[in-house]
Amino acid sequence: MKKLISIVLILCLRAGMKYETTSGKYVIYGQCIGIVEEKTVTVTLYRKSGSSWIYVDSVSNTDTISIVRADKYVSITQSGEYKVAVTGTTGNSSGTVPYYYSI
């Protein structure tokens with residue numbers, strides 16, 4: 001049963017990174033959709049350096065509602081490849097989904 005819950009949780013994770021022209025900044029965001037229970041969403045931004053992923057910034061949020069969202073403006077100072085990893089955690093399950101961007 002725990003494995004099934006993990007798969008469902010992963011399917012409900014959404015994330016991304018976008019450039020907002022009004023602020024002139026990038027924002028990372030993620031959300032987890034599911035039943036009403038305590039959920040934590042953590043969004044972590046990495047930049048590729050050679051064959052490694054270097055931590056840039058992160059944000060998290062915890063709430064007991066059906067949709068939990070976390071977002072944050074981030075400073076992007078270099079062009080290149082970036083990964084946004086969103087992790088959703090409940091009392092008995094956890095899952096992470098990566099999203100890739102070129103800037």
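How many salt bridges does a search of the whole structure find? The search finds two, a salt bridge being a side-chain nitrogen of Lys or Arg within 4 Å of a carboxyl oxygen of Asp or Glu.

The model is predicted, so that local features need pLDDT of at least 70 and side-chain atom pairs count only at pLDDT 80 or more, whereas totals for chains, interfaces and linings use all residues. Residues are numbered from 1 along each chain as its sequence is written, and side-chain values use heavy atoms, with hydrogens and water left out.

**View 1. The salt bridge between Asp-57 and Lys-72.** The side chains of this pair meet at 2.8 Å, N to O. Asp-57 is buried at 18% relative accessibility, while Lys-72 is partly exposed at 29%; buried means under 20% relative accessible area, exposed over 50%, and partly exposed in between (1.4 Å probe, protein chains only).

**View 2. The salt bridge between Asp-71 and Arg-69.** The closest N and O atoms of the two residues are 3.4 Å apart. Asp-71 is partly exposed, with a relative accessible area of 41%, and Arg-69 is also partly exposed, with a value of 38%.

**View 3. Lys-83, a buried residue without a salt bridge.** Lys-83 lies in strand β4, residues 81–89, strands being DSSP runs of E with at least two residues, numbered from the N terminus. The nearest side chain of opposite charge, Glu-81, is 10 Å away, where Lys and Arg count as positive and Asp and Glu as negative, with His and the chain ends not counted. Leaving aside neighbours within four places in sequence, Lys-83 is in contact (heavy atoms within 4.5 Å) with residues including Trp-53, Tyr-46, Tyr-99 and Tyr-100.

Conventions:
Helix = DSSP H or I, 4+ residues; strand = E, 2+ residues; numbered from the N terminus.
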